Amino acid sequence: MTAPPIENAIALHRDWKRTKFFLNHEALQQVIKVEQTQVSRSLSGTIVEVTNEENSAIRVEIPDIVSVSSCADLTLPPGAGLCIDTTHGPIFLIADSWESLNGWLDAIRLVYTIYARGKTDVLASIITS
């Protein structure tokens, strides 16, 4: 999915980045890069090492979800918009396709329904085994 920068949920379209997410019995969470090191040679022949650390990510706790729906809005980048309304406010993401969006909607609703019925431990044992 495509997500806005963590520090600016209303960022310009060009600042949104395609990234991976995972969903389990606890949350929908963005997969983060812990550390990426790039080694290159400068024009003078010196080896330069650049480290890029990212340790913050979008995380939506299952109990915080109020509703999920598809959405389209001119303030969002083009594509299959996903709106997750939470107790802390809405979170907007863009799925890779409309078919993918339907899959995310179904999966989030299923996990939330299992949570609401108090069967999270059953789901956790299925996911972790």
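Start with the whole chain in view and look at its contacts, meaning heavy atoms within 4.5 Å. Among contacts between residues at least 6 apart in sequence, 46% join residues at least 24 apart. What you have open is a predicted model, in which local features need pLDDT of at least 70 and side-chain atom pairs count only at pLDDT 80 or more, while totals for chains, interfaces and linings use all residues. Residues are numbered from 1 along each chain as its sequence is written, and side-chain values use heavy atoms, with hydrogens and water left out.

**Stop 1: the whole chain**

Switch to a cartoon view and colour by secondary structure. The chain has two helices and 10 strands. Helices (H or I, at least four residues) and strands (E, at least two) are DSSP runs, numbered from the N terminus.

Now colour by accessibility. Buried here means under 20% relative accessible area, exposed means over 50%, and partly exposed is in between, with a 1.4 Å probe and protein chains only. Of the 129 residues in the chain, buried ones make up 29%.

**Stop 2**

Select Thr-2, in strand β1 (residues 2–3). Thr-2 is buried, at 19% relative accessible area. Which residues is Thr-2 in contact with, leaving aside neighbours within four places in sequence? Show Trp-16, Lys-17, Arg-18, Leu-93 and Ile-94 to see them.

Next, select Trp-104 in helix α1. Trp-104 also counts as buried, with 18% relative accessibility. Not counting residues up to four places away in sequence, Trp-104 touches Met-1, Phe-21, Leu-23 and Leu-28.

**Stop 3: the salt bridges**

Side chains of opposite charge can pair when their charged atoms come close. A salt bridge here is a side-chain nitrogen of Lys or Arg within 4 Å of a carboxyl oxygen of Asp or Glu. How many salt bridges does this rule give? The count is three.

Begin with Asp-96 and Arg-18, whose closest N and O atoms are 2.7 Å apart. Asp-96 sits in the loop between β10 (89–95) and α1 (98–116), and Arg-18 in strand β2 (residues 17–18), so this pair ties together parts 78 residues apart in sequence. Asp-96 is partly exposed, at 44% relative accessible area, whereas Arg-18 is exposed, at 63%.

Move on to Arg-59 and Glu-26, which form a salt bridge with their closest N and O atoms 3.9 Å apart. This pair links distant parts of the chain, 33 residues apart: Arg-59 is in strand β7 (residues 59–61), and Glu-26 is in the loop between β3 (21–23) and β4 (27–30). Arg-59 is partly exposed at 37% relative accessibility, and Glu-26 is partly exposed at 42%.

Glu-61 counts as partly exposed, at 28% relative accessibility. Through shared partners, salt bridges join Glu-26, Arg-59 and Glu-61 into one network.

**Stop 4: two cysteines**

A disulfide is a covalent bond between the sulfur atoms of two cysteines. The cut-off used here is a pair of cysteine sulfur atoms within 2.5 Å, and the structure holds zero disulfides. Select Cys-71 and Cys-83 to see why: the sulfur of Cys-71 is 5.1 Å from its closest cysteine sulfur, in Cys-83, too far for a bond. Cys-83 is likewise in no disulfide. Cys-71 is buried, with 16% relative accessible area, and Cys-83 is buried too, with 13%.

**Stop 5: the second largest pocket**

For the last stop, select Pro-4, Ala-9, Ile-10, Pro-90 and Phe-92. Among the 14 residues lining the second largest pocket, these lie nearest its centre. On a 1 Å grid over the protein atoms alone, a pocket is an open set of points where a 1.4 Å probe fits, with protein on both sides within 12 Å along at least five of seven lines; lining residues have an atom within 4 Å of a point.

This pocket holds about 260 Å³ of space, where grid points are joined across faces, edges and corners and the volume is the space filled by probe spheres set on the points. β10 gives the most to the lining, with three residues. By type, the lining divides into 12 nonpolar, one polar and one charged. Nonpolar covers Ala, Val, Leu, Ile, Met, Phe, Trp, Tyr, Cys and Pro; charged covers Asp, Glu, Lys and Arg; the others, Gly among them, are polar.
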